[in-house]
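Please look through the sequence and the structure shown below before reading on.

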Amino acid sequence: MESIAQLLRLIPKYDKLPGMAQAIIPVLVSCIVIFALLALAVLFLVWMERKVSAHIQDRLGPMYVGGWHGWAQTIADALKLLLKEDIVPAATDKLLFKMAPFIVFLGAFAAFVVVPFGASSFVTDLNIGVLYIVAVGSLSVIGIIMAGWASNNKYSLYGGMRAAAQIISYEIPSAIAIMTVIIPVGSLSMVDIVNAQKGGIQHWFLFRNPFIFLAFIVYFVASLAEVNRTPFDIPEAESELVAGYHTEYSGMRFAFFFLAEYANMFLVASVATTLFLGGWTQVLPSSIAHQFIPGPILFFLKALLLIFIQMWLRWSLPRLRVDQLMYLSWKVLLPISLVLVLGVGWLAVYW
Amino acid sequence: MTPQEIAALLVDRFGSRILECKPDEVNPWSVVEPAAILEVSQFLRADDRTSMDHLELLGGIDYKDRIEVVYILYSMKQHHRYTLKCRLPREAPAIHTVESVWGVANWHEREAYDMFGIVFEGHSDMRRILCPDDWEGYPLRKDYKYPKSYRDMPV
Amino acid sequence: MEVDFSGDVMTLNMGPQHPSTHGVLRLELKTDGEIVAEAIPHIGYLHRCFEKHVENVDYPGVIPYTDRMDYCAAMNMELGYVLTVEKLMGIQVNNRVRCIRIIMAELDRIASHLIAAGTYGNDIGSFTPFLWCFRDRETILDLFEETCGARLLYNYNWIGGLMFDFKPGFEKKVIEFIDYFEPQVDNLNRILSDNFIFVKRTATVGIMSPEVAINYGVTGPNLRGSGVKFDVRKDEPYLGYQDIDFEVAVGKGEHGPIGSCWDRYMVRIREVKESCKIIRQTVAQLTPGDVRESIPKRVKPPAGEVYMRTECPRGELGYYIVSDGGLKPYRLKVKSPCFTVMSAFQEVSRGSMIADVVAILGSFDIVLGEIDR
């Protein structure tokens with residue numbers, strides 16, 4: 001954000017604006033930049049999902065739209081969804097119905113303001129960065145319950161409550177797994193966490209500490225459940241029996257839910273990259289080479305690797321049943337993550 | 001057991017309630033008095049020599065002067081098959097259910113009721129299975145008249 | 001399972017239009033929270049009065065109607081009907097017809113089990129095996145199309161013979177396909193059958209004991225999944241199956257109690273491998289001949305009745321024909337295996353959870369065309 005603020009000062013007569021405006025405008029511009037980058041990333045991710053799923057299923061995926069391997073397919077789909085009729089069912093709670101997709105998207109988008117994409121490429125460096133991400137990430141639950149309630153459909157409500165239960169249950173092991181990273185660093189700031197991993201792959205938290213390696217696995221599994229991806233996609237596949245919470249949505253509102261899912265995927269991959277894979281820092285040990293790939297690009301590549309694994313799992317594994325899901329969260333992941341925190345704490349004291 | 005032996009066993013046990021036996025046909029059968037069908041079924045299932053534990057088919061046939069209910073029985077242990085028939089009058093055909101002997105008879109009897117109008121006494125759920133619940137007429141009877149409309153929809 | 005249904009019982013409808021009910025089936029679920037007190041199936045949405053139609057067409061004209069009962073395994077439907085009429089008329093077919101009938105029936109069995117496995121994976125949430133199964137099934141359908149011109153509804157088995165002979169080189173293509181396909185079954189096992197999540201979802205669910213199965217007249221893979229070793233091809237062989245060496249796949253309860261959904265599903269996968277064996281042996285037994293040599297000019301069976309059953313992919317298919325000596329059947333009754341297995345559904349799914357109802361229904365592998373006729 002500092003760089004944007006500096007850029008803005010280049011605009012003539014910028015200094016003449018009142019102080020309040022000078023404080024707010026860089027923030028707004030940064031958020032718009034982040035939103036634009038996020039939209040582009042989601043566009044790319046949707047296309048990637050379709051290609052990855054197609055090749056796993058022994059077929060080709062989008063091939064025509066835009067020429068080379070259908071890269072413009074998502075743009076075409078987004079246009080189509082924009083042009084659809086905006087159906088708001090008559091008996092719904094109109095205000096909540098319209099607000100729900102935005103709140104779900106908000107939960108994903110708001111967390112991006114603290115994710116450091118590069119050495120100075122971040123909107124702001126909050127000193128409680130990690131706590132902020134965990135807190136804001138729970139906002140989407142409100143949106144889901146709103147969507148389920150406002151649809152005036154008992155099956156949507158049922159589906160929405162289940163989705164909320166799932167997300168809330170899995171936030172606990174994921175937050176505890178994050179704690180294992182905070183203990184060696186001693187700070188909640190995302191930038192500090194990345195800086196503690198500078199210098200190459202041997203400094204990444206993933207490889208520094210066996211407890212943190214296991215914590216990464218716990219976090220990855222818990223985050224799959226947060227974003228409702230298979231094997232935890234009970235809310236989406238409620239169409240097995242009852243409708244999911246976003247059944248009554250169509251057109252652009254549905255596109256927002258869809259966008260929010262991929263934004264969430266990108267968010268958890270970014271957070272995992274920052275905490276465990278060294279963020280934007282280099283892969284090769286610094287004794288061999290300096291960082292020649294720019295920070296943001298390296299960050300994006302690492303996040304993309306994690307997202308690829310998420311997609312791979314989605315198209316290979318069947319779905320867990322609701323009670324098995326809850327069992328996994330409360331009786332398997334939670335005890336494991338508590339033991340890991342203890343382990344990291346013990347290592348930190350005695351080493 | 002051969003079909004002849006089964007026919008002889010049935011006549012031996014139930015006497016005059018077995019009306020006719022034709023064990024030498026391609027598909028050997030015996031005609032049983034309708035009132036005796038439950039007893040005969042229970043006997044054939046429980047007896048160790050026959051042990052007919054598999055009801056393969058239960059269907060109705062509409063002859064011009066009567067409606068027949070056909071039971072094709074098979075034994076998984078002994079690998080032999082036998083057919084029982086019951087002859088019922090065309091107006092108000094009724095017979096006791098064999099649901100308690102073979103659970104599969106439940107649905108087969110519902111279908112026979114749906115298609116022929118045979119009422120199975122003692123059945124737990126005597127209603128139509130394939131046609132809608134408020135359909136009129138019994139489709140597989142030979143004198144069935146196709147309805148012109150159903151609930152104001154032309155058929 | 002001991003459950004006390006004193007709470008409010010809610011009625012939920014898995015309506016006729018539903019992605020997971022394998023056709024137009026309505027399941028009325030009476031649920032108490034997560035547990036299903038009763039799951040009552042309502043059928044009849046696909047009823048096309050097959051038994052009434054065939055009383056108005058002559059015997060050869062019935063064959064296309066039989067195709068449309070179980071459209072996923074049409075060759076076996078035709079085979080059952082044609083064998084029944086031939087039994088009534090006393091027609092013997094030559095060796096070439098016999099071998100080709102077996103090859104086509106077993107290829108159709110493989111195709112049908114691939115659909116069963118793929119759609120079952122889909123219901124449980126694994127989307128990829130569905131496409132892999134259908135990719136392999138495409139080759140089988142191409143083979144069928146080459147021989148009789150149709151991919152799904154063939155009208156190929158005629159009374160006394162077949163519609164067309166194999167094209168030259170067909171046997172080689174069949175063997176090539178079997179050689180390609182047998183390793184693919186291992187692939188499928190790796191991604192789906194032995195998958196930990198799939199096993200957890202299916203191996204403790206939908207337990208059908210052998211007593212319940214026999215009481216409800218269940219046959220085919222559903223019965224064999226409960227451990228009962230019973231196959232019409234071994235028990236009352238037709239078409240020379242007694243001379244072919246193959247095993248009857250039976251559920252052994254490797255991952256849970258015998259008679260679970262996983263056992264029934266696994267029996268189908270093992271049967272596919274056995275079908276490959278049968279096809280190889282039958283192709284070796286092929287002799288040249290005329291496939292239309294025993295077809296009678298007019299099909300006029302003597303007066304009488306006959307019952308004959310064959311092993312179709314979904315169980316034991318029985319045809320009961322009453323003939324009055326004329327050109328049209330007086331009464332043709334079909335005993336469809338899916339009809340009997342659906343009558344057991346209420347018993348098997350009592351006390352399971354809502355998500356398990358879908359798993360149990362998928363493991364029964366029903367086709368509504370056959371249930372409703």
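This is a predicted model: local features need pLDDT of at least 70, side-chain atom pairs count only at pLDDT 80 or more; totals for chains, interfaces and linings use all residues.

Residues are numbered from 1 along each chain as its sequence is written, and chains are lettered from A and ligands numbered from 1 in the order in which they are written.

The contact between chain A and chain C takes 19 residues from chain A and 21 residues from chain C, two residues being in contact if their C-beta atoms, placed from the backbone, lie within 7 Å. On the side of chain A, helix 12 (295-316) and helix 13 (322-350) are the elements that give two or more residues; helices (H or I, at least four residues) and strands (E, at least two) are DSSP runs numbered from the N terminus.

Chain C holds an open sheet of three strands in the order 1-2-3, with antiparallel pairing, where two strands pair if DSSP finds at least two bridges between them. Its edge strands are strand 1 (10-14) and strand 3 (35-42) of chain C, each of which pairs on one side only. Strand 2 (residues 26-32) of chain C is joined to strand 3 of chain C by seven bridges, and Leu27(C) has Pro41(C) in strand 3 as its bridge partner.

Helix 6 (residues 170-193) and helix 11 (residues 261-285) of chain C pack with their axes 10 Å apart and at an angle of about 165 degrees, the axes being lines fitted to C-alpha atoms over the stretch in contact and the angles running from 0 to 180 degrees between N-to-C directions. These two helices of chain C are therefore roughly antiparallel to each other, a term for angles over 145 degrees, with under 35 counted as roughly parallel, 65 to 115 as roughly perpendicular and the rest as oblique.

Two residues deserve a separate look for their backbone angles. Most residues other than glycine have a negative phi. The table sets out the two exceptions described here.

| Residue | Phi | C-beta neighbours inside 10 Å |
|---|---|---|
| His79(B) | near 60 degrees | 11, exposed |
| Asp365(C) | about 55 degrees | 27, buried |

A residue is buried if 20 or more other C-beta atoms lie within 10 Å of its own, exposed if 12 or fewer, and partly exposed in between. His79(B) is found in the loop between strand 4 (67-74) and strand 5 (81-88) of chain B, whereas Asp365(C) lies in the loop between helix 14 and helix 15 (368-372) of chain C.
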